[in-house]
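I opened the notebook for this one today. Here is what I looked up, entry by entry.

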Amino acid sequence: MSFNVKAFESASFDHSTPIMPRLNVLCLVLLCAVNLSVAEFYKFQNTLGHLKAQTSSDVQQIAVENLIKRILPDRGGEFTAVVNSSFNLNGKEAFKISKVEGKIAITGTTGVTVATGFNYYLKYYCSAHISWELSQLQLPKELPEADVSIALNDQFRYYQNVCTTSYSFVWWTWEQWEKHIDWMALNSFNFVLAFNGQEAIWDRVYRKLNLTNTEIDEQFSGPAFLSWLRMGNLRGWGGPLSESWHNKSLILQHQILDRMRGLGIIPILPAFAGQVPRAFKVLYPETNMTKMSLWNSFPDKYCCPYFIDPNEELFQTIGKLFIEEVRAIQIAEYGTDHVYNCDSFNEMDPGNGDLTYLSNVGKSIYQAMTSADSDAIWVLQGWMFYNDQFWADTDRAKSFLTSVPTGKMIVLDLQSEQFPQFTRLEQYFGQPYIWCMLHNFGGTLGMHGSADTINTDVIATRTALNSTMIGTGLTMEGINQNYVIYDLMSEQAWRSEPADLTEWFRNYSRRRYGKQDENAERAWHGFQNTLYIFNGLYRMRGQFAVSKTPSLDISTWTWYEYSDLFDAWKALLMASDNLKDSPGYLHDVVDVTRQVLQNNGDIYYNKLVEAFTAKNISEFQKFATIFRGILLDLETILATNEAFLLGKWLEAAKGYAGDIKEEKLFEYNARNQITLWGPYGEIMNYAIKQWSGLVQDFLYPRWDEFIYAMNFSLVYDTEFLENTVKVLIFFLYEEPFVYSRKVYTTEPAGDSIQIAKIIEGRSWYSNSTDIPDMKIIPVHNPDRPDIGYPLIYER
């Protein structure tokens with residue numbers, strides 16, 4: 001295949017910067033005096049300079065050579081990799097790509113930078129694509145010439161949210177982790193959370209502090225909810241954890257750490273945040289501790305662990321003991337990386353607003369780290385500074401942030417693309433921070449993004465006066481959605497000026513699908529100017545009427561014209577003859593059709609409620625038919641692609657179990673997280689997914705029942721008991737779903753393109769006159785025969 005290298009290079013890149021030779025002291029001083037970005041790079045070197053890859057260049061070189069072979073098993077020999085820790089551009093990590101004796105030679109400062117250069121070459125010289133869900137690696141027969149050197153802007157490229165481990169990684173095997181760590185390195189991430197196995201360590205710590213098996217079981221949540229156990233939001237929910245789980249988690253953690261460190265990634269390990277099991281109140285009655293605040297209305301059985309007063313000696317004892325166990329188990333073979341994360345007040349107010357108290361909490365957490373590791377650096381998620389009104393008082397934030405020596409804490413400005421806090425908090429009162437794109441909540445699948453914002457604001461913030469920004473990061477709660485926006489954000493690690501987004505989105509379609517197609521390019525131009533042009537303060541959650549609990553007061557909204565998105569979708573379908581063999585194209589046909597159906601769900605939900613309120617029976621029944629049909633079409637299209645199958649999630653959960661009892665528990669965890677999110681629906685729909693199987697047996701039945709009750713109320717002129725109907729739906733459909741053991745397929749069925757075109761041809765049901773086939777609410781729930789319900793509605 002032919003490929004126009006110059007066309008891609010001219011889009012938005014400056015490759016003219018020469019590689020600098022080793023600098024002498026005078027040159028370095030002059031460079032720092034005239035180049036702001038270099039000065040910023042060195043700003044925190046006195047406190048953060050020791051955070052670097054702990055493995056040798058030789059080890060990293062072997063690791064990245066193996067990565068290249070995994071990505072291109074048949075053509076890996078056409079690339080050479082050299083890791084040279086002295087190689088740099090203007091004092092920054094960098095990579096150089098050239099063609100030497102017929103092979104593509106990549107030199108970089110670390111294994112990660114070499115991998116980044118490899119990915120850069122694949123994207124911008126070979127029009128290839130490696131994403132979370134899939135890859136497109138149709139390389140030209142003869143690899144194009146290259147001569148380019150690029151510096152990475154910041155010392156740190158951070159990856160993960162503490163919630164990602166639960167929403168996306170919880171059931172992963174090493175095979176999946178290996179692929180994902182490769183992806184991290186390919187996209188420059190060198191500063192990554194590594195949280196697996198910490199409950200096994202806490203189990204050892206708790207036993208040393210005299211807790212019993214029963215008391216430990218009451219503390220540990222199930223696997224799908226560990227993220228919130230670790231932040232003190234809940235306890236025990238979905239648990240307990242078995243020895244089998246602990247052993248598997250530790251083995252996996254060793255594999256993860258080994259590979260991360262081999263590539264030059266700095267893993268961030270957990271630390272003690274101050275929360276302890278309820279049993280501590282009995283075991284240590286003289287210790288001052290307070291019950292944590294209620295989180296999302298969880299019942300007392302599953303909420304509110306204790307928080308030890310920072311002045312108590314026990315705080316330091318536990319914190320030091322935990323770090324020592326972490327170091328003994330997880331980093332003994334490699335030495336320490338010196339970086340730890342913990343969050344004491346995630347979505348919960350501290351029990352005391354006194355400035356001295358808040359300062360003491362920070363000091364105690366940091367002291368517990370340094371008592372076991374004198375060079376410890378604390379990584380703090382900054383979500384609380386935006387999310388919780390408590391921290392609107394900047395004096396409180398200042399007391400907490402400045403309790404740690406300047407440069408010894410790194411703050412993750414968690415949602416910089418929408419709610420940055422670094423300006424309000426005066427660049428975190430001197431502490432370094434990382435500009436992060438959060439974007440996703442709960443792993444939901446709604447398509448959206450702020451391409452313009454991340455394309456310009458990262459660069460502007462980095463070079464702003466008195467900026468303490470030291471890196472960029474991705475902090476999504478869940479992956480496998482909206483890959484395009486993460487691809488763009490990842491490039492901010494090396495971009496020195498904004499991209500031409502029109503050209504960038506056009507090239508994205510070429511890379512993802514493996515060939516140029518005018519209709520696909522027109523579609524992605526449409527997506528750019530609808531889905532990915534969001535800029536505002538509305539809290540994005542990727543939610544739509546079809547995936548919410550049925551109600552008469554659902555708020556729907558959008559920031560673009562529906563018709564513009566529908567036109568872009570139709571353009572995508574017009575590319576089917578040319579792109580029908582592209583896995584990326586087939587995935588996107590399903591994904592965008594899913595989005596279009598959800599948008600139409602919002603449209604017809606509003607029409608449905610309007611007709612119901614007006615007591616217009618014929619209009620209501622027409623819109624009811626359309627709305628229910630949208631859900632049925634949604635199930636049908638989702639079933640055609642493996643990325644949208646409930647069965648994959650459930651079988652992964654069951655596959656992690658050590659026995660049948662644990663299999664049932666893990667399946668319950670998996671089902672509950674994506675539906676009720678709690679024993680009684682405390683965070684209902686927060687992590688809902690539009691997956692085949694989930695639509696069929698969860699989303700559709702509850703809407704079908706709600707619409708039936710609405711119809712009955714209209715036809716028989718009776719009061720619509722909305723709250724009663726919602727209670728019935730919970731007991732008849734929502735709760736039974738999480739207890740069900742129904743097996744769902746892991747294999748796709750149906751032709752994605754054909755089904756999408758059938759849906760397109762429906763003209764959005766505007767001519768539908770069929771009356772819904774309303775059914776009577778059953779007296780008994782067949783999945784829970786021990787519970788009976790009154791027959792509220794009768795014909």
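How many disulfides does the count come to by the rule of cysteine sulfur atoms in a pair within 2.5 Å? I get one disulfide.

A note on ground rules before I go on. The model is predicted, so I kept local features to pLDDT of at least 70 and side-chain atom pairs to pLDDT 80 or more, while totals for chains, interfaces and linings use all residues. Residues are numbered from 1 along each chain as its sequence is written, and side-chain values use heavy atoms, with hydrogens and water left out.

**Entry: the cysteines.** I found the disulfide between C303 and C304, with S to S at 2.3 Å. The torsion about the S-S bond of C303 and C304 is about -85°, so I noted the disulfide as left-handed. Both C303 and C304 are buried (under 20% relative accessible area, with exposed over 50% and partly exposed in between; 1.4 Å probe, protein chains only). I also looked up C126, which counts as buried because its relative accessibility is 1%. C436 counts as buried too, at 0%.

**Entry: the whole protein.** I see 31 helices and 17 strands (DSSP runs numbered from the N terminus, helices being H or I of at least four residues and strands E of at least two). Of the 795 residues, 64% are buried.

**Entry: the four-strand sheet.** I traced an open sheet in the order β1-β3-β2-β6, with mixed pairing (two strands pair if DSSP finds at least two bridges between them). β1 (79-83) and β6 (147-151) stand at the edges with a single partner strand each, so one side of each has no neighbour in the sheet. The twist averages 15° from one strand to the next (axes are lines fitted to C-alpha atoms, for helices over the stretch in contact, that is, heavy atoms within 4.5 Å; angles run from 0 to 180 degrees between N-to-C directions). Inside this sheet, β2 (residues 94-100) and β3 (residues 103-108) are antiparallel over six bridges, and S98 stands opposite A105 in β3. Helix α6 (residues 111-124) lies across β1, β2, β3 and β6, at about 55° to β2.

**Entry: strand β7.** Which way do the side chains of β7 (residues 156-159) point? F156 and Y158 point one way, R157 and Y159 the other, and all are buried. In a regular strand the side chains alternate between the two faces of the sheet. β7 runs parallel to β17 (residues 469-474) over four bridges, with R157 opposite T472. Two bridges join β7 to β8 (residues 191-193), also in parallel, and there Y159 stands opposite V192.

Methods: A disulfide is a pair of cysteine sulfur atoms within 2.5 Å.
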